[in-house]
Amino acid sequence: MDQRIPTLFVCHGDDGGPFFHPCRRMQDALRAADIEYEKVIAAHGNPIPFLRKGSRDELRAATGTTKLPTLKLPDGTVISHSGDIIAWVDAQQAH
């Protein structure tokens, strides 16, 4: 991972998901703001925990949470709610 740019952790739906899906919307927002980021597909399967395939242990180790989408900034700050990620993107555009 490039430690100088944020890392966006998303589910397997990724860019191919419906336009309203948070993992896709966060990527669209980052691209629209011309913010370079690294993407990690951190989960597969169902958003409902007991229906998921595999675990989110690696996601938890990297970010401290199992929520997706999650944005990890180069300074180690973790933003794990869509609204908070959008607020961060908006703040970057204000600079």
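Helices (H or I, at least four residues) and strands (E, at least two) are DSSP runs, numbered from the N terminus. This is a predicted model, in which local features need pLDDT of at least 70 and side-chain atom pairs count only at pLDDT 80 or more, while totals for chains, interfaces and linings use all residues. Residues are numbered from 1 along each chain as its sequence is written, and side-chain values use heavy atoms, with hydrogens and water left out.

**View 1. Salt bridge between Asp-28 and Arg-24 in helix α1.** A salt bridge is a side-chain nitrogen of Lys or Arg within 4 Å of a carboxyl oxygen of Asp or Glu; the structure holds 2 of these. The side chains of Arg-24 and Asp-28 pair at 3.8 Å, N to O. Both residues belong to helix α1 (residues 22-32), where a spacing of 4 residues separates them by about one helical turn. Arg-24 is partly exposed, with a relative accessible area of 25% (buried means under 20%, exposed over 50%, partly exposed in between; 1.4 Å probe, protein chains only). Asp-28 is likewise partly exposed, at 31%.

**View 2. Salt bridge between Arg-31 and Asp-28.** The closest N and O atoms of this pair are 2.8 Å apart. Arg-31 and Asp-28 lie 3 residues apart in helix α1, again about one helical turn. Arg-31 is partly exposed, its relative accessible area being 37%. Through shared partners, salt bridges join Arg-24, Asp-28 and Arg-31 into one network.

**View 3. Val-40 in strand β2.** Strand β2 spans residues 38-43 and contains Val-40, which is partly exposed, with a relative accessible area of 21%. The C-alpha atoms of Val-40 and Thr-7 are separated by 7.1 Å, although the two residues are 33 residues apart along the chain.
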